[in-house]
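Student: I am new to this structure and would like to learn how to read its features. Could we go through them together?

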Amino acid sequence: MFEQHDYQPIVPYTFDNFVVGNSNRFAFAACRSVAQSPGTIYNPIFIHGGVGLGKTHLLCALGNYIREHDEEASVVYVTIDRLTKELMVAVENGNLDSFNNQFQMVDCILIDDIGFLKEREGIQQKIVHFFDLLVSRRKQIALTSDRPPRELNTLLERLRSRFEGGLIVDIQTPEFETRVAILQKKAEAMRIQDISDDVIYAIADHFRTNIRELEGALNKLIAYRSMLKKKITTNHLQDIFPNFSSSEDEFHQPAIDDGDETVLLKTPRPTEKSQVGADLTEFFEDFADGVTAQIAKREREMAEKEKFRRKTYIWQMKGFVTARLEKAMEKELEEIRSVFQEYTKDVNYLIDMQKNIACMDNAEGFNRELREIEDMLFDPDRINVIESRLNEIRVRVERRFKYWETLHKDIDIRDFIVSDSNRLAFTMTETTIKYPAQRFNPLFIHGQEDTGKTFLLHAIGNKVFHKHPPMYVCYIHAKDFISGLIKGIKDGTVSEFIQYYRDADFLIFDDIHLLRGKERTQEEFFHVFNSLIANNKQIVISSNRPPQYLLTFDERLRSRFKSGLVVEIGTMDRESKKQAVQSLFNRCNLTVSADLIGKIVDNTSMNLKEVTDIIERTLVDSTASGKKVTEEMIKNLVQEQEEATLPRTKIDERFSSQRASKISTSEIQRKLISDWPIQDDLIEWEF
């Protein structure tokens, strides 16, 4: 059994006292994310980097964070050497199960220096099993190494592949600014305030590769300070640190005042009397200059690559997928520049695309598709897919509005006058609007003229358009369907004509009784009907009679009409018609007296369509003349309509007086039949 307190993370190491710079920012962010959600996002997390760069600090900070935010969490820190020894002892004593059980109780295990695992296949096999056991139980594993997994050649492939299955982060050599920040933070922690920035900068410039050496140098500096009992300056650094040099030295050379200008003192180069010696000196100087130039060039390239790494990290922090950049970093500098230039261009394009999507108009109903696109907006390698998806949405939006053009957009379902004569039809209409293609399909509405069928159909279409985006809502009148089919036959475009209506999601067909005697038209509509029903699309149909009285229609069509719901709209009573007429004028912001409304309602020869025509003519005349619409103008048009319509009673009287003596029995039968409200098909059926 192991004692838990023997395996605790090193307490002073926390995220708060870790100095973050470009060299370690990604590793820091990754470890912090793991600490906030252990065992869920990156498991294992593998931290690699050179000696003394802060790997152990981050490893222990991860564990300390978990313990701080969850007092019941069990966190174990162990070096790979110690873990190996514990495992070997367990194997030798036959206590392997006990060893595994002990570590199964741990919530997070921190393994330091995994790269020093000895090349013992048996032990590595046991660690593979141990690793799988912890991961399967969602225990967080964090590891450090001086090399990435792919370079740990002494490890089994099975073990390396498991390390690579999580998140691999690296810590680079800290840049100058980070080294300065580390020294300043260390000095603050030790309450040392009298070390000048020049001294800090000089130390940071001299000790470049190892943070431990950097901190050791500061400790040595503080010790000298205590011994000398005075403030340390840059002049003391040569005495404290043997072979000390810094790029800052050039700014601190002694100078003498030579008249008006200050001259830096330089050590004269000794002269050589021997020509051979001079030539040799010149050779080595040239060689040194060449090496220096190569080193300088290499350093510039490394600095530029470091700049590209920082850019990559910034894109990552902004959420962009950077696989293209990471792959490019393995190539030559010129190619890296080209890749970054193209990547930056693509990212800016994606940012513009994000703004355009946020401002997209008329895209309601495409939320799921837009969310899928938004999920791709941080991957520059998927621009072609994004553009294709967006183009599909634009085409669908344009087509949806093209279908909507078939409706009168200003007709609102709230303006429909509900009375006892149409209440059932209106209620069933509301249900169909709410549940298209789920309750009543088809919905067959029949009634005589002037009952508001067409108004109701347009109101249904507009309501569905706004309530159920992205549905294609299409209205078609029987006459337009007939003429469109004839044009298609003439142009050879029947298939395209029919497909247009098959593609609708909600088809509204007005006055279907006008298809009587049109066999080809009925046949084509039959195919449209079947296609829509088969694809679970809604059909609403209007007629001046119920399906059973469409006697010249194909029986297949009539039976399909009756398979849905058949409802009747009855003739409106006087009060309902009065409200309907008033509503027509209100929609056009026209004010008329109650007397004129009553006169129109009492005129039995004038239906709502004719009232609508009168209103439209009034508005046209007003626009043409530039005069305001007055009630007198409306009265004149009503009067013209009355004079143009000869009352039916007068026709009957004239018919009776002129032909009463000459009417035959068959003519009487024909006249009686022709007076039926549903006359056309019945006449054909009767004779």
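Predicted model: local features only at pLDDT ≥ 70, side-chain atom pairs only at ≥ 80, totals over all residues.

Student: How does one look for empty space in a protein?

Tutor: Rolling a probe the size of a water molecule over the atoms shows where empty space is left. In this model, the second largest pocket has a volume of about 1000 Å³.

Student: Which residues are closest to the centre of the second largest pocket?

Tutor: They are H48, D170, Q172, R309 and E326, out of 28 residues that line this pocket. Two or more lining residues come from each of helix 1 (25-36), strand 1 (45-49), strand 5 (167-171) and helix 11 (275-317).

Student: Which element gives the most to that lining?

Tutor: Helix 11 does, with 6 residues.

Student: How does the lining of the second largest pocket divide into nonpolar, polar and charged residues?

Tutor: There are 9 nonpolar, 8 polar and 11 charged residues in it.

Student: And how many cavities of 30 Å³ or more are there?

Tutor: The count is 1 cavity, and the volume of this largest cavity is about 50 Å³. Among the residues lining the largest cavity are I109, I127, F130, L143 and F163. Strand 3 (108-112), helix 5 and strand 4 (140-145) each give two or more residues to that lining, and the largest share, 4 residues, comes from helix 5.

Student: What classes of residue make up the lining of the largest cavity?

Tutor: That lining has 10 nonpolar residues, with no polar and no charged ones.

Student: Helix 5 has come up already. At what angle do the axes of helix 3 and helix 5 cross?

Tutor: The axes of helix 3 (residues 80-92) and helix 5 (residues 121-136) cross at roughly 100 degrees and come within 11 Å. Angles of 65 to 115 degrees count as roughly perpendicular, so helix 3 and helix 5 are roughly perpendicular to each other.

Student: Which residues make the contact?

Tutor: Helix 3 brings I80, L83, T84, L87, M88 and V91, while helix 5 brings I123, K126, I127 and F130. By class, the contact of helix 3 with helix 5 has 8 nonpolar residues, 1 polar and 1 charged. Look back at I127 and F130, too: both also line the largest cavity.

Key: Residues numbered from 1 in each chain as written. Heavy atoms only, no water. 1 Å grid on protein atoms, 1.4 Å probe; cavity = no way out; pocket = protein on both sides within 12 Å on 5 of 7 lines; lining within 4 Å. Points joined across faces, edges and corners; volume = space filled by probe spheres on them. Nonpolar A, V, L, I, M, F, W, Y, C, P; charged D, E, K, R; others polar. Axes fitted to C-alpha atoms, helices over the stretch in contact; angles between N-to-C directions. Parallel < 35°, antiparallel > 145°, perpendicular 65-115°, else oblique. Contact = heavy atoms within 4.5 Å.
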